[in-house]
Amino acid sequence: MPTTLCSAKASYKKQPGTLELTDSLLIWTQEGKKTPAVRVQHPEASSLFCSKEGAAQVRLKLGLVNDEAGHNFTFTSPSAVAYAEREAFKQELTNIISRNRSAAPTPLPKPTPLSTPAKTPAPIPSTSRATSVSSDTRTPILSGIDAATDFRLRKKVLLSNPELLVLHKELVMSGQITESEFWDGREHLLLAEAAAEGQKRGRPGQLVDPRPQTVEGGEVKIVITPQLVHDIFDEFPVVAKAYNDNVPNKLSEAEFWKRYFQSKLFNAHRASIRSSATQHVVKDDPIFDKYLEKDDDELEPRRARNEVSDLYINIGATLEDHVETGNEKDVTMQAGRQRGALPLIRKFNEHSERLLNSAFPMYDRGEVPPAKRRRIGSGNDEDDDAYAQITLDDLRDSEAMSGITLQMQDRERYFEGQLARSASEQAGSEVVDVRAAFTELKHGFRGWETRFSQLRIDKRAGDAALDSMTQNVSARLDIRTRKTDFPPTLFRQLTTCQTAANEFLRQFWTSLYPPPTTTSSGATPSQSVAKAAKMAGYLSKTREKVEALVRAGQLEGVEPERVEVAMKPLLDAVDHALAFYRARSAKTSTLKTA
């Protein structure tokens with residue numbers, strides 16, 4: 001008998017039932033039935049999502065390896081009990097998913113009698129759809145992650161980019177190129193998606209300010225959630241102190257919050273300068289009035305700000321601007337001209353500082369981030385230390401781009417020509433007499449006032465230039481706003497042909513000149529040559545496809561010249577690539593013969 005780890009009442013697809021987690025399965029059974037409607041084996045679990053704390057419904061979503069949508073369960077017990085049950089399932093499922101990710105990726109479905117044996121022969125290259133797609137989807141594009149995560153990242157990138165999804169269907173699903181060839185050079189999209197998933201959601205920047213809601217009958221209601229309580233305690237520690245002092249001995253929790261939202265303490269915490277006006281109509285409260293503090297409206301703030309040590313740029317240091325009148329703080333250097341606005345301004349400043357410190361807790365402890373520590377042992381310590389303090393690490397490129405080596409023909413003749421030209425220029429240069437040149441320049445400036453007053457600039461040249469620029473801008477705007485008048489079907493075929501040819505061109509050039517990136521496929525020279533030959537074969541059929549589109553356009557009443565003009569840039573790029581490939585192949589064959 002399987003061991004039950006946890007069990008709870010939960011609904012699935014709005015049907016009540018029981019959710020149970022055993023040592024091998026996660027099962028859900030509808031009420032009144034004996035056969036489970038959902039059965040999930042432990043190795044199939046890949047991701048876990050939970051509803052926010054304090055949400056109206058306590059939910060849990062389990063993603064599967066082959067099904068990202070997975071299963072959604074809603075716990076139907078009372079709120080406190082449902083939350084505890086959900087946390088128990090969350091803890092157990094988190095351990096299961098961690099074990100699945102740490103284990104070596106193995107195919108989950110059990111082999112059927114028609115499956116291939118364990119020792120299969122080497123795959124034979126083929127252009128069929130089954131081989132080109134299925135053989136690559138199991139191989140991770142990015143190194144260091146399992147196949148399931150890599151497949152999920154590819155799926156999310158394709159779903160978020162409709163144009164890329166269409167290109168994937170036309171080229172990969174049709175078997176023209178393989179999955180790995182399609183993603184070669186697009187690894188940065190997968191890395192960006194993985195980085196987006198790994199980002200931790202930061203603390204909300206909104207100031208805690210519960211807004212009362214008016215319901216039927218004129219009553220005022222404030223919805224209190226566990227997240228709101230946590231935010232209030234974090235933003236206003238005095239409320240947490242009042243809660244600990246009075247609940248549950250003097251006040252119940254419900255009565256505590258009811259009296260707090262009607263007290264002067266709550267209105268003092270409101271994020272509005274208008275809250276001071278409401279304190280005249282709020283009744284006194286003997287419990288919460290003890291926690292009221294005097295308004296922080298003095299010139300010096302009540303709470304001393306944590307000064308940053310070794311600050312290189314201090315925008316508040318304006319003492320040197322008052323040398324004539326002395327260094328005493330005048331009215332321009334005081335905290336605020338309006339005394340009533342000082343508490344609100346300081347409240348915003350403290351909230352902003354608390355928000356920043358939540359992202360870097362080390363600042364609260366007086367520490368310095370590792371990236372900003374002093375450098376020791378450099379040549380010029382003073383200059384290097386000053387530069388290091390104003391350098392932002394986030395703006396520094398961690399990877400240096402070396403670029404692609406330029407292939408030049410007759411490189412020796414080029415540099416010989418440069419040397420000969422520089423030698424001739426040096427030989428032809430004359431020695432300039434500085435005194436004579438200065439005398440000639442001085443004579444040329446004589447009478448410049450008279451000549452300048454007689455200068456008359458012809459406006460026709462400026463007007464002609466302005467008219468030319470205006471016509472150029474108008475023509476560009478007209479082209480952008482003008483809609484294509486190709487028939488929709490023909491226009492879609494033209495776009496498809498151009499997109500596919502551009503992809504073949506990208507694959508062709510990257511096979512000949514692979515980019516020097518760490519995420520590239522790292523194909524061998526023989527594989528790159530085979531890939532270039534394959535892409536050249538596809539590119540050689542581009543002109544036939546364009547001619548077919550010309551004939552299709554004639555059937556729909558489109559002039560052939562318009563289609564040829566639209567596709568001419570693409571054909572020029574294809575012809576250039578094919579000419580380069582033929583010249584390269586001829587050179588390679590000549591070297592082999594020699």
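Tutor: Before the angles, a definition: axes are lines fitted to C-alpha atoms, for helices over the stretch in contact, and angles run from 0 to 180 degrees between N-to-C directions. Keep in mind also that this is a predicted model.

Student: OK, so at what angle do the axes of H7 and H8 cross?

Tutor: The axes of helix H7, residues 226-235, and helix H8, residues 237-246, cross at roughly 110° and come within 5 Å. Since 65 to 115 degrees counts as roughly perpendicular, H7 is therefore roughly perpendicular to H8.

Student: Which residues make the contact?

Tutor: From H7 the contact is made by Ile232, Phe233, Asp234 and Glu235, and from H8 by Pro237, Val239, Ala240 and Tyr243. Sorted by class, the contact of H7 with H8 has six nonpolar and two charged residues, with no polar ones.

Student: Switching topic, which residues have the most contacts inside the largest nonpolar core?

Tutor: Those are Ile177, Phe182, Phe504, Phe508, Leu539 and Val563, in a core of 38 residues. Helices that each supply at least two residues of this core include H3 (147-160), H19 (525-539) and H21 (560-593), while the largest share, nine residues, comes from H18.

Student: And what lies apart from it?

Tutor: Another core lies apart from the largest one, with 22 residues, among them Cys6, Ala8, Leu26 and Leu93.

Student: Speaking of cysteines, how many disulfides are there?

Tutor: The count comes to zero disulfides, taking a pair of cysteine sulfur atoms within 2.5 Å as the criterion.

Student: Is cysteine 497 buried or exposed?

Tutor: Cysteine 497 counts as buried, because its relative accessibility is 10% and the cut-off for buried is under 20%. Cysteine 50, with a relative accessible area of 31%, is partly exposed.

Technical notes
Residues are numbered from 1 along each chain as its sequence is written. This is a predicted model: local features need pLDDT of at least 70, side-chain atom pairs count only at pLDDT 80 or more; totals for chains, interfaces and linings use all residues. Side-chain values use heavy atoms; hydrogens and water are left out. Helices (H or I, at least four residues) and strands (E, at least two) are DSSP runs, numbered from the N terminus. Angles under 35 degrees count as roughly parallel, over 145 as roughly antiparallel, 65 to 115 as roughly perpendicular and the rest as oblique. Contact means heavy atoms within 4.5 Å. Ala, Val, Leu, Ile, Met, Phe, Trp, Tyr, Cys and Pro count as nonpolar, Asp, Glu, Lys and Arg as charged, and the others, Gly among them, as polar. Buried means under 20% relative accessible area, exposed over 50%, partly exposed in between (1.4 Å probe, protein chains only). A nonpolar core is a set of buried Ala, Val, Leu, Ile, Met, Phe, Trp, Tyr and Cys residues joined through side-chain atoms within 4.5 Å.
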